[in-house]
Amino acid sequence: MATPWRFTPRSRGGRSSGAGVVKPLAFKVWRSSSVDYAGDRANKSSSGKEKEMLSAVGTELLATRAGEISAGRIWIGWSISGLTAAFMLFDAGAKFAKPAQVIDAFARTGWPMRLSSTLGAILLTCTVLYLVPQTSLLGAILLTAYLGGAVATNLRIGNPLPTHTLFPVYFGVLVWIGLWVRDPGLGSVFPLLR
Amino acid sequence: MVFDGVTKLMRVRQVVEATARIGFPESIIVPIGATLLGCTILYVIPRTSILGAILLTGYLGGATAANIQAGSQVFSTSFPIIFGILAWIGLFLRETRLRALIPLRT
């Protein structure tokens, strides 16, 4: 049976060849990585046979939803999320390894060095939660709080606003943009309630 | 939250003292108060409530960090965390769509 979800090759980024034709593998990846966690309970709980029995209205609804999700969009979203998370993981790793730069930064901002590993562990946990699709929203919320702490730290010692104090804010914005782009299920509540 | 924001805007004596104690310059009390009020207003308006909750979370994360740095007692430090949890529980209860997304996507 033909799948009820429509695919939009238009938004597949740089791929200009074969418009309208989708490689089976790419389609499979797209299906499992997006539709399954698009907040569609009916879809998730029903078996393959039940899916076939979906009413015409239901099929139409699914097709409309899938229209909002394209592989290109998910790619871009994961790229933003991935790059942001990579920086966070690097930062967390540095807090464990404690190179001279970290020791200097802790002394300058007035944080006791004994909290370095704890902060690293908190950041690592939040970032992992952010990367796991099932807990990504919780992870984004916790990362926001962590980054708020970084803003306060910079604010307290009077660091320059655009280059230091607002730096974690830029990251927070990237965290949420990445999540919003890669996760269409978020569209109904973020940035505005619909 | 509104109370806290307003006292910061009015630069009430206790607030100024508390700010100095945890090591923040007095000049940023008013901007901090305005930020808090802005976030709280967004949180109260239904359409922007999620955005407001996210921004409040960032603000409260800052408050937590400030308390830890100042070596405050466990109670003062956990206060903003408790407030953050309350803010999200409030939203969670009044917005059914959030329940499908937090804490685990169903």
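Because the model is predicted, local features need pLDDT of at least 70 and side-chain atom pairs count only at pLDDT 80 or more, while totals for chains, interfaces and linings use all residues. Residues are numbered from 1 along each chain as its sequence is written, chains are lettered from A in the order in which they are written, and side-chain values use heavy atoms, with hydrogens and water left out.

User: What makes a residue of chain B count as in contact with chain A, and how many do?

Analyst: Contact means heavy atoms within 4.5 Å. By that rule 31 residues of chain B touch 32 residues of chain A.

User: What is the area buried between chain B and chain A, and which atoms give it?

Analyst: Buried area is the accessible area (1.4 Å probe) that two parts lose on being put together, summed over both. For chain B and chain A the value is about 2,800 Å², with 67% from carbon and sulfur atoms. B:Arg47, B:Gln69 and B:Arg105 supply 27% of what chain B buries against chain A, more than any other three residues.

User: How many salt bridges and how many polar contacts are there between chain B and chain A?

Analyst: A salt bridge needs a side-chain nitrogen of Lys or Arg within 4 Å of a carboxyl oxygen of Asp or Glu, and the count between the two chains is zero. A polar contact is a pair of N or O atoms within 3.5 Å; within protein, one must be able to donate a hydrogen and the other to accept it, and residues adjacent in sequence count only if both atoms are side-chain atoms. Three residue pairs across the interface meet that rule, both residues being at pLDDT 80 or more.

User: Which elements of chain B give two or more residues to the side that touches chain A?

Analyst: They are helix H4 (49–69) and helix H6 (96–99) of chain B, and H4(B) gives the largest share, 11 residues. Helices here are DSSP runs (H or I, at least four residues), and strands are runs of E of at least two, numbered from the N terminus.

User: Why is B:Gln69 called buried?

Analyst: Buried means under 20% relative accessible area, exposed over 50%, and partly exposed in between (1.4 Å probe, protein chains only). B:Gln69 has 12%, so B:Gln69 is buried. B:Gln69 lies in helix H4 of chain B. Leaving aside neighbours within four places in sequence, B:Gln69 is in contact with A:Thr109, A:Gly110, A:Trp111, A:Thr153 and A:Arg156.

User: Why is B:Arg11 called partly exposed?

Analyst: B:Arg11 has 38% relative accessibility and therefore counts as partly exposed. B:Arg11 is in the loop between helix H1 (2–9) and helix H2 (13–21) of chain B, with a positive phi of about 50°.
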